[in-house]
Amino acid sequence: MKKNQLILLVIGIVGLGFNSALFAKTTSGNKEGCISCHNGIEDIRDPKSGMLAMIKALGSSHGDGEGCVMCHGGDPKATTAEAAHKGSPKSLMDARGPQTFYPDPGAMDVNKFSCGQGGCHQGYAERLEKALMNTEAGKIQGNLHTWGIPEVQNYQVPWGNYDVKDGDGPVPSVGTPEYKAYMGDMIRAHKDQFPDELKQIPNPSVEEIEKDPKLAGFTYQRQQCQRCHVTVKGREKRGDYRGQGCSSCHIPYGNEGIYQGNDPTINKKEKGHMLVHSIQATRKSVVKAGDVHYSGIPVETCNSCHNRGKRIGVTYQGLMEFPYGSPYNEDGNKQPKLHTKKYLFISDDLHHQIKSRPENPKGGLLCQDCHTSIDMHGDGNIFGTTLAQVEIECEDCHGTPDKFPWELPMGYGEEFQQPLKSDKGRGLSETPSVETMSFATTYPKREGYLKTTRGNPFGNVVKDGKKVIMHSATGNDFQVPILKQLSQDNAYRNQDAMVAMSSVKKHSESLECYACHASWVPQCYGCHVKADYSMDKDGKQKHDTDWIASGSARNADGSTAESPLGVKGIQSPGKISETRSYLRWEEPVLGINGEGRVTPLMPGCQIVYTVIDSKGETIALNVIGTSEDERKELGQERAPLAIDMAPVQPHSAQRKARTCESCHNNPKAMGYGISGGVFQTRYPEDVVEDLIDQKTGQVIPSTFQVQIPKIEALDFDWSTIIKDGQQVQTVGTHWPLSRALPKEMRDAMDRTGLCMGCHREMTNEQLWSKVAKPGRLDDQQHIELMNKLFRAYASEVSSNK
């Protein structure tokens, strides 16, 4: 190990205990080097932190007392900006190679020399390269499945944003021995969901697409869906500004993209800049932005990406896109677009609800408070889906009505309809993870750290007597409601909760918690995509930014073809337009997820595509793919359409869960469509609205237009997944167990029309007068009356035996 790396490692281990005053002589009052131009720029970390002391100490050994070169490279002794951003101390070149300056040190390809250099966050860059935030393998597989692309059928995951190979085998590079053993078993059982190699998503030519129009799905994928991965900087739109690689999350960007720090070289009116030059991370990493001091990574940082697809980020905030933009503001304008959309506030997740809420005086949780480092950075393996990478379950913190979290066995919540390897309780951990001890805020263990279902400790969740405390990166501490403790203390908020969670055992055995608690889910039905390869008014082929091609064109300084401000990146042929059929949020459909549990569903990629060729001719009109492999798997006559109703953890949990009736008396929830699928039945035919001969159905005027063009393959409403006893659209594209609720489950839960058991006798005045009283019964009185009838019937049966 080199001397500088040894120093770095020692200081990194000492961490916050390191005294930055030790190096005051080398840094105080020095306005030479980088600071001669960037005078006033914010420290990347708190001046008293061990991290900044470490950076400055190592910078001093390279002639830079401020430490800028340790992350950015460059030549601190240069006398012009141009020279400073070209040269570099020879000592750094020896370690990093000839590249001299990194505009964004967190960018992929260079973060291993900056964030991941010896003694700092080693291994993170390699893990992130294989993680879903960079490969987006699941998104690619799921979307292309709906276009009918054969290579991704039957749960195959062949492609990512870039070529990547898992060269060190399936054993995770991080995690406890229990976690590594668990993941070994999981990978062996689900090889398709854990590929050991990904190839870059193809880019068919226009000629190939004209021969096979479904290949336009690759244009759609590359131009519209892949802008969020961390290799690229993303779209320059309000709410979408961010950095690259590690900086995507760890450097703050406001929604307006305006810099509010004190570096005189950064234009404070130009959009697209970081908010301040500071790292946001854990509780100990306090960021100062004007008069606001905060810690942790704000939810809106995550939402620069998590606002499309399953929309879990904006849903967590309570937002759902809608087209209207009302109400008007004081200038008489509609609301500004955020992530290129306008929003309606529905209800934010109870874990998010902000400090102004009287029921939540401390404020809410950040995404990182629940999600672990592996959830975000990966563990060194390649993941084909979100379920493969995310290691947490609701029960990890809340337990069940019968068991405390530490009494649950490993694997609880993701059984995949198989017996668990052991029913032994997972227990508590004596230590947090090595990552937490090395880099994050370390909290007192009290009686022990709770564990994820896969066996890793939560570094921020501890057992303290009868309480479980979650330490939020915001600086707040929360007491976690523990279901078994609520049962023992008879402290449920209402009778419904007690019955649903404790009395009906089948619920906790077969349902995800959010099957009931996520009482709303964003439902964007029908994704109508037009891929247009015709010529524009100047005779040039229509085109748009190809995020994969742009991310592949990487420079030695870490920048990509589209990352400099104002640059659109590499263009590819074709122009994509999108619209939808309709929006809903209430009473989501239920189905089975990849773990084999009942879950909410939401429209995933319900693609119906239209393709215009280079001559301007329509070569595919409102086409929907089919899933022949799924027909065979389900053992039914009808091949489901490839449009997807996707299993989802919507991140919209509410204190008041869904009512019993919203599932047991609701055809939509069971998969039969809104109101049983009786609406929107004319999709397979062109709808003409004009003067019509009602006797013959003939259009009377000779000149007329089709008002609603047909979608020939769609003989049901978009919300319908079961028709005539068969599954008619795909339910999840990633895992074999995902599907519609099976018939035996639907039959067991369907209680539609039970009111008729009593109310059909209302016209029998003689009988009704014996049980009815003047006036009306409220809901509680109805419940008590039914209970009285139940008990009377039980007594009668008992006496007749």
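Biologist: Which residue forms a salt bridge with arginine 188?

Modeller: This is a predicted model, where local features need pLDDT of at least 70, side-chain atom pairs count only at pLDDT 80 or more, and totals for chains, interfaces and linings use all residues. Residues are numbered from 1 along each chain as its sequence is written, and side-chain values use heavy atoms, with hydrogens and water left out. A salt bridge is a side-chain nitrogen of Lys or Arg within 4 Å of a carboxyl oxygen of Asp or Glu. Here the closest N and O atoms are 2.6 Å apart, and the partner of arginine 188 is aspartate 185.

Biologist: How many residues apart are arginine 188 and aspartate 185 in helix α10?

Modeller: Helices are DSSP runs (H or I, at least four residues), strands likewise (E, at least two), numbered from the N terminus. Helix α10 covers residues 177-189. About one helical turn separates the pair, because their spacing is 3 residues.

Biologist: Is arginine 597 buried or exposed?

Modeller: Its side chain meets glutamate 415 in a salt bridge (3.1 Å, N to O). The pair links distant parts of the chain, 182 residues apart. Buried means under 20% relative accessible area, exposed over 50%, partly exposed in between (1.4 Å probe, protein chains only). Arginine 597 has a relative accessible area of 3%, so this residue is buried.

Biologist: What is the relative accessibility of glutamate 136?

Modeller: Glutamate 136 and lysine 139 meet in a salt bridge (2.6 Å, N to O). Lysine 139 counts as partly exposed at 34%. Glutamate 136 counts as buried, because its relative accessibility is 7%.
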